[in-house]
Structures are given as C-alpha cells and as structure tokens.
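User: I'd like to learn how to read the charged pairs in a model like this one. Can you walk me through them?

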Amino acid sequence: MRELRIAYPAARCELNFRDPLELLIATILSAQCTDKQVNIVTADLFKKYRKAEEYAGADLSQLEQDLRRIGLFRNKAKSLRTCCRQLVERHGGLVPRTMDELIQLAGVGRKTANVVLGNAFQINEGIVVDTHVARLCRRLGLSREESPEKIERALQNLVPQNEWASFSHLLIWHGRRRCFARGPDCLRCEISAHCPSAGKVSA
Ligand code: SF4
C-alpha cells in the first residue's frame, strides 16, 4: 500500500458525484460499464434529476432515453426508479448509511453498498471487491478465493479497517493503469518486487 500510494497519490473513486444519492445512482449504472461512460451520462442526468422523488416519479421510457448511452440501460432504468421509490417510501428520500438497509434496495448489492458507504459517508464497513480487486488479489497472492464475498473476508483480515476504502482505490487504479487483465505491464510495475506473479502472467 505504501508503494501504491506513492504511485497513485490521487487514487479515489473515479465516478463523479456531489452527494450520496448521485454516488448510489452512478454506482448502479456502472455495472458492466466504464466509469468514464457513466460520467458522460450522469453529467446530463444529474442536471435533470436532483432528488430521489424525481427519479421515483419519472416516466420509465423517458428514463430509458436518458440512459440509452449506457449498457443494459432498460434494466438499469427500472432498477433506478424502483430503488428511488424505495428510498422515498422507506428513508424519506435519503440514502441510508447501513449495509443492511442499502442491500435491501433494488439494484444494490454488497459491492455497491460498500462503494456508497466508503466514499459518500466515509464508513469502512466492507471492502469493494470488483473485477480489478479480485484479479490483483489473486496475482499478488493475497487470496486464492474466487467469490467476491470470500475475497472480501480475506482482505478484511489483512488490511486495517481505516484503510479499506483507500485499499480498494489503490488496487483499482493499479488494475486500470498497470496490472491489466491481459498483458500486465510487469516491467514498469511499481510493486513487482512484492508480486509473486511478476513476469509470469501470460498476455
Ligand atoms: S508485477 Fe505484474 S502481475 Fe504483479 S502487480 Fe505488477 S503488473 Fe500485476
């Protein structure tokens, strides 16, 4: 982590948001889609819809149109509207601050809840395990597990709790910039001295 911090001093969540609702929505939209593409779509979306009530009352085909440049936009439009209706009915339109409440919402799993808790509320209740974190954990020898839940548990035993959010940012940034899924750049890798997979991953 020390060396990754030097390599990526600006590591942070790469989704643009101004409040917990915007981060929740951006994270739901980011499933199987790049953060860059989500940011393009949310730049307009967040101007048009500002409160959970506005998504909750939106016409579904209009919301689909607003999301059309994003993969799986029909499903995501439905999830977004249902999620925001639940926010209005159960939480007065506000995003809740607990894992248990968040994962009851439509379109919200443990990973999304961890993103929201860690980045909008600075609550380290879990560790975000996305495809980059899972891949890097295997390569770095931090966990042999395959399921995100088991990888998360293994990491919780290795990383101090106050570092959980920044730990996943560092791994995600390294996964995007150096330790690519195909053809990791081991020659220029800042942490190759600590990596049992250095130079051993086939392109
Ligand atoms: S040495 Fe290679 S496999 Fe290991 S973390 Fe660096 S880029 Fe990834």
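User: Let's start with Lys 48: is Lys 48 buried or exposed, or partly exposed?

Analyst: Lys 48 counts as partly exposed, at 43% relative accessibility. Keep in mind that this is a predicted model.

User: Which residue does Lys 48 form a salt bridge with?

Analyst: The general idea goes like this: side chains of opposite charge can pair when their charged atoms come close. Here, Lys 48 pairs with Asp 66, with the closest N and O atoms 3.1 Å apart. Asp 66 counts as buried, at 17% relative accessibility.

User: And which side chain meets Arg 74 in a salt bridge?

Analyst: That's Glu 64, at 3.7 Å from N to O. Arg 74 belongs to helix α6 and Glu 64 to helix α5, so the two link parts 10 residues apart in sequence. Glu 64 is buried, its relative accessible area being 17%.

User: How many salt bridges does the structure hold?

Analyst: There are 13. Another one of them joins the side chains of Arg 69 and Asp 44, at 3.6 Å from N to O. Arg 69 lies in the loop between α5 and α6, while Asp 44 is in helix α3, so that pair ties together parts 25 residues apart in sequence. Arg 69 is partly exposed at 41%, and Asp 44 is partly exposed at 45%.

Technical notes: Residues are numbered from 1 along each chain as its sequence is written. This is a predicted model: local features need pLDDT of at least 70, side-chain atom pairs count only at pLDDT 80 or more; totals for chains, interfaces and linings use all residues. Side-chain values use heavy atoms; hydrogens and water are left out. A salt bridge is a side-chain nitrogen of Lys or Arg within 4 Å of a carboxyl oxygen of Asp or Glu. Helices (H or I, at least four residues) and strands (E, at least two) are DSSP runs, numbered from the N terminus. Buried means under 20% relative accessible area, exposed over 50%, partly exposed in between (1.4 Å probe, protein chains only).
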